[in-house]
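Take a look at the fold below. The report walks through it in short steps.

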Amino acid sequence: MDMRIELVPGLVLKNPVLSAAGTFGTGREFQPYGDLASLGAVVMHGVSLRPSGGAPQPRIVETESGILSAVGTPNLGVRHFVERELPGLPWSDVPFIPSLWATNVDDFSELSSILSKEEAVAAMEVNLDCPNDHRDGRKFCLNPVTAARAVNAVKREASGKPVIAKISPQAIDIAEVARAVEAAGADIIACSGSVPGAAVDLADRRFSLGSIEGRLSGPAVKPVALWCIRQFAGIVHIPIIGMGGVRSASDVLEFMLVGAAAVAVGSANFSDPGLIFRNVEEPPALCAELGIDDLSSFRGGLVG
């Protein structure tokens with residue numbers, strides 16, 4: 001079965017399975033577990049204009065049905081990324097997509113200007129979960145106006161490379177944010193199923209994470225993610241990348257059934273680094289079992 005997906009003109013994926021930013025490094029870290037070229041695309045770690053140390057420790061706590069994390073964006077800045085991390089990646093075999101992290105529109109614009117010049121960069125993801133310095137640290141994704149400004153800043157400097165707007169279910173009106181980023185020039189929407197959360201250490205009587213607030217991901221958030229994608233599918237006209245609790249071939253197909261064009265594997269990469277490669281191998285057999293012979297007609301094909 002042909003599993004290829006053309007997300008947008010010029011960005012063709014061998015299959016609909018991607019890595020999620022922040023869970024897959026640059027991709028090199030996972031080469032011992034599978035063939036990177038077999039993936040639909042590699043969405044890489046977050047990149048900021050200047051070096052960032054990330055969030056205070058501890059950064060990850062296990063929960064009953066996933067993980068709670070507050071990692072921040074530890075990286076050595078965009079110049080190091082371009083000079084030391086991009087070279088040598090098999091970008092001619094699989095698309096590589098950096099995730100842009102910034103706390104103001106000007107930094108988003110400058111990041112886009114730098115990265116858009118790199119042949120190894122297939123597209124750019126705008127992480128709208130970043131805190132906005134000009135709105136008292138409130139995240140870009142919470143407001144359609146600030147989300148649109150960040151996306152537009154990246155789009156203006158993207159030199160034709162596709163721009164992915166990554167939004168969060170935290171927004172008061174997530175549908176308005178989706179409409180706003182599409183109008184601002186986003187070519188693709190990515191929806192993270194992760195939601196805010198906290199954990200406490202009863203014995204120490206402290207919060208378990210150094211940042212107090214974290215992001216809950218894993219199986220617990222899959223229903224939230226499916227709901228969000230279903231909302232978007234009816235109001236935007238650009239492709240959707242779904243994520244949130246993806247662990248199996250059936251998860252991949254469920255996300256596509258509600259309207260996702262592609263699906264990203266996130267926190268599962270931490271506990272099982274070979275899982276993403278199995279999620280590439282297993283969907284064709286499941287499609288055959290379910291009588292699915294065309295992914296484009298299957299996508300969004302819910303009955304009722």
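What follows covers the sheet, its helices, the aromatic rings and the cysteines.

**The sheet**

The model is predicted. Its open sheet has eight strands, in the order β3-β16-β15-β10-β9-β8-β7-β4. The pairing is parallel. β3 and β4 are the edge strands, and each pairs on one side only. From one strand to the next, the twist averages 25°.

How is β7 joined to β8? Strand β7 (residues 96-100) runs parallel to strand β8 (residues 124-127), and two bridges join them. Leu100 has Val126 in β8 as its bridge partner.

Helices pack on this sheet, among them α1 and α4. Helix α1 (residues 78-85) touches β4 and β7. The direction of α1 makes about 140° with that of β4. Helix α4 (residues 174-183) touches β9 (163-167) and β10 (188-191). The direction of α4 makes about 165° with that of β9.

**Aromatic rings**

A pair of aromatic rings is described by the distance of the centres and the angle of the planes. The count here comes to three aromatic pairs.

Phe108 and Phe140 link distant parts of the chain, 32 residues apart. Phe108 sits in helix α2 (residues 105-115). Phe140 lies in the loop between β8 and α3 (144-156).

Phe30 counts as buried at 10%. Ring pairs link Phe24, Phe30 and Tyr33 into a cluster.

**Tyr33**

Where is Tyr33 placed? Tyr33 is in the loop between β3 (17-19) and β4 (42-47). Tyr33 is partly exposed, with a relative accessible area of 46%. Beyond its neighbours up to four places away in sequence, Tyr33 touches Pro273, Gly274 and Phe277. Tyr33 and Phe277 are 244 residues apart in sequence, yet their C-alpha atoms are 7.9 Å apart in space.

**Cysteines**

A disulfide is a covalent bond between the sulfur atoms of two cysteines. How many disulfides does the whole structure hold? The search finds zero. The cut-off is 2.5 Å. Cys130 is buried, with a relative accessible area of 0%. Cys287 is buried as well, at 0%.

Technical notes: Residues numbered from 1 in each chain as written. Predicted model: local features only at pLDDT ≥ 70, side-chain atom pairs only at ≥ 80, totals over all residues. Heavy atoms only, no water. Helix = DSSP H or I, 4+ residues; strand = E, 2+ residues; numbered from the N terminus. Buried < 20%, exposed > 50% of the residue type's maximum accessible area, 1.4 Å probe, protein only. Contact = heavy atoms within 4.5 Å. Pairing = 2+ DSSP bridges. Axes fitted to C-alpha atoms, helices over the stretch in contact; angles between N-to-C directions. Phe/Tyr/Trp six-rings, centres within 6.5 Å; stacked < 30°, edge-to-face > 60°.
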